[in-house]
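Hi,

Here is the structure I promised you, with the sequence alongside. Have a look at it first, and then read on for what turned up.

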Amino acid sequence: MRFKGPFFFSIIAVAFLIGAAYYPSPNNAEKEVVLMQTILSGLNQLHYRPQAIDDDFSGKLYDLFVERLDGGKRWMTQEDFDQLKKYRLQLDDDANIGSFEFFDLATKLLSARIDETEAYYKEFLSEPFDFTKDEAIELDGEKKEYASSSKELREYWRKSMKYETLVRLNNKLKEQKELEEGEEKKSYDVLEKEAREAVKETYDDWYQRISKRRRSDYMSDYLNTMTNIFDPHTGYYEPKDKENFDIGMSGTLEGIGARLQTDGDYTKVVSIVPGGPAWKQKSLEENDLIMKVTQGDESNIEAVDVTGFRIDDVVKLIRGKKGTKVTLSVKKVDGTIEDITITRDVVQLDESYARSVILDLPGKADKIGYIKLPRFYADFNRRGGRSCAQDVADELEKLQATGVNGVVLDLRNNGGGSLRDVVRMSGLFIEEGP
């Protein structure tokens, strides 16, 4: 039994290689079918609680996916769900024959409603609201019902935009009252307009991010709903998510050592990792806007304009194998454009690792050690890679050498991680027991 998992997935890998040699590359639809059926087949062979792919499974999958499709009840209407109901006990059959008819319709309806509501919020925020009218809106998602129709959905968005504007306007009016004598005060009309503009800016940014979602993102949601039917902790990672998971678990990556975030249509550098390649190169700085990315440093290699790209696509271009080069065309704070070539290397995210100090407690004779462990990390991809169990053992040894009387192990905000290392680490604190 111990070799069942690796053996099963090895067979699949061999089958793909043989297929690749004798048949044309499959299209995306064929890949999705293979992926879905491989996940279900693999889980039913390897999971501790297999699930029959039948009407009961279909009903659970439908209910959970529909609940997650629009959990905030902002977009979908009851009319939309009425179109989806007929698929409730059909999803097991669709999985067996490789059909995504339900998924395609659900995402089509959702996308249409997102486009519809984008027009709503822009319309309602373009004119001042009348706050003298007595109105109410339900904000609790569990109590709120889906809009019955487009008309009701439109009315919900009008009230929602009015409410969000009112909250911001109320805060601005409070700030006005606290102004010192002589400080310039703004009129109510100006404050109301600023409040609407602030709400619009928030929603513009949100809808811009939504617009960059791809079919693969929605497919990942659907496949994760499938795996969650087996148990809440079984999930599917698409390749970029798996890469980010490995980075989070190991605290290492191969790249330039810069943290990025989306800033409108651009990708902005928000910080440089100390000790990383960008830090050593010294030219890349916080608040630089990345305009173009070029692989290597040869003059004949074409640069990729990344304006408007999703941040994960920009990150994918910038990361790469140790020793390879990447050139970033960045716009500096002063408006100048500069090309910066950086040689990629292994980057250690030190804030991910265990660290210890000796606490200075005024008036206390006891010497207390303190260990901060942000996550139960482990490098599963490198033999001899870092593990939290070994690092905590090393920190304990350092503290014991200084003669501490006790140790505080801080696990606040620790999101979990490697169970293997948790078990190993327990032995550092518990002398006897399982």
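Predicted model: local features only at pLDDT ≥ 70, side-chain atom pairs only at ≥ 80, totals over all residues.

β9 pairs with β10 (residues 368-372) in the antiparallel sense, over 5 bridges.

Stepping back for the overall picture: the protein has 434 residues, and 38% of them are buried. Its secondary structure comes to 14 helices and 11 strands, and the C-alpha trace spans about 70 × 70 × 60 Å along its principal axes. Among contacts with a separation of 6 or more, 69% are between residues 24 or more positions apart.

Now for the inside. The largest nonpolar core has 50 residues, and the ones with the most contacts inside it are Leu84, Phe102, Trp157, Met161 and Tyr222. Several helices supply at least two residues each, including α2 (28-46), α3 (55-69), α4 (78-84) and α5 (91-97). Which helix gives the most to this core? That would be α6, with 10 residues. Another core lies apart from it and has 15 residues, among them Ile290, Val293, Val326 and Ile340.

Leaving out residues up to four places away in sequence, Leu84 touches Tyr62, Met76, Phe102, Leu105, Ala106 and Leu109.

Two helix pairs are worth a look too. The axes of α6 and α9 come within 11 Å and cross at roughly 120°, which makes α6 oblique to α9. Their crossing is right-handed. On the α6 side, the residues that meet α9 are Phe102, Phe103, Asp104, Thr107, Leu110 and Ile114; on the α9 side they are Arg215, Tyr218, Met219 and Tyr222.

For α7 and α8, the axes come within 8 Å and cross at roughly 125°, so α7 is oblique to α8. α7 passes α8 in a right-handed crossing. The α7 residues taking part include Trp157, Met161, Glu164, Arg168 and Lys172, while α8 brings, among others, Tyr188, Glu192, Glu194, Arg196 and Tyr203.

Last stop is a hairpin. Strands β2 (residues 258-263) and β3 (residues 266-272) pair in the antiparallel sense over 6 bridges, and Gln261 stands opposite Lys268 in β3. How many residues sit between the strands of this hairpin? There are 2, and Gly264 takes a positive phi near 65°.

Cheers

Definitions and conventions:
Residues numbered from 1 in each chain as written. Heavy atoms only, no water. Pairing = 2+ DSSP bridges. Helix = DSSP H or I, 4+ residues; strand = E, 2+ residues; numbered from the N terminus. Core = buried A, V, L, I, M, F, W, Y, C linked by side-chain atoms within 4.5 Å. Buried < 20%, exposed > 50% of the residue type's maximum accessible area, 1.4 Å probe, protein only. Contact = heavy atoms within 4.5 Å. Axes fitted to C-alpha atoms, helices over the stretch in contact; angles between N-to-C directions. Parallel < 35°, antiparallel > 145°, perpendicular 65-115°, else oblique. Left-handed = near helix turned anticlockwise from the far one by under 90°.
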